[in-house]
Amino acid sequence: MEVEVAETDPKTMQDLTSVVQTLLQQMQGKWQTTSNQIIGRIEDMSSRIDDPEKNIADLMIQAGVEELDGEDKVPATQKS
């Protein structure tokens, strides 16, 4: 079974090219919108986390607890 390759009408190729370009532009726009939304949500979560972290740090200072990496928290007044 042989497949004949028909000559493609230039107008048809132009139409196809135009449709493909339009679809790619739409996809790019949707990806950009989605990307911006994700980045916005990440930044929002980051700022929501910053406030409790600051409050915890302030409470630790008020309690006289110093932060020690990988060790128990010890009040600064009990350190030797």
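A helix here is a DSSP run of at least four residues, numbered from the N terminus. Keep that in mind for this tour. The model on your screen is predicted.

**Stop 1: the helix**

Select residues 10-63. This is helix α1. Trp31 lies in helix α1, and we will come back to Trp31 at the end.

**Stop 2: Arg48 and Asp44**

How many salt bridges does the structure hold? There are three. Start with Arg48 and Asp44. Show both side chains. They form a salt bridge, and the closest N and O atoms are 3.2 Å apart. That is within the 4 Å cut-off for a salt bridge.

Now look at the positions of the two residues along the helix. Arg48 and Asp44 are four residues apart in helix α1, so about one helical turn separates them.

Is Arg48 buried or exposed? Arg48 has 59% relative accessibility, so it counts as exposed. Asp44 has 35%, so it counts as partly exposed. The cut-off explains the two labels: exposed means over 50%, and buried means under 20%.

**Stop 3: Asp58 and Lys54**

Next, select Asp58 and Lys54. Their side chains meet in a salt bridge, 3.0 Å from N to O. Asp58 and Lys54 are four residues apart in helix α1, which means about one helical turn lies between them.

Lys54 is exposed, at 51% relative accessibility. Asp58 is partly exposed, at 31%.

**Stop 4: Asp15 and Lys11**

Move to Asp15 and Lys11. What do they form? They form a salt bridge, with the closest N and O atoms 3.8 Å apart.

Lys11 is exposed, with a relative accessible area of 52%. Asp15 is partly exposed, with 40%.

**Stop 5: the nonpolar patch**

Clear the selection. Now pick Met13, Leu16, Val20, Leu24, Met27 and Trp31. Together they form a nonpolar patch on the surface.

Why does Trp31 count as exposed? Its relative accessibility is 63%, and the exposed label needs over 50%.

Note on methods: Residues are numbered from 1 along each chain as its sequence is written. This is a predicted model: local features need pLDDT of at least 70, side-chain atom pairs count only at pLDDT 80 or more; totals for chains, interfaces and linings use all residues. Side-chain values use heavy atoms; hydrogens and water are left out. Patches are made of residues with over 30% relative accessible area and no salt bridge: like charges are joined within 9 Å, nonpolar side chains (Val, Leu, Ile, Met, Phe, Trp, Tyr) within 5 Å. Accessible areas come from the Shrake-Rupley method with a 1.4 Å probe; for residues, only the protein chains shown count as cover. Buried means under 20% relative accessible area, exposed over 50%, partly exposed in between (1.4 Å probe, protein chains only).
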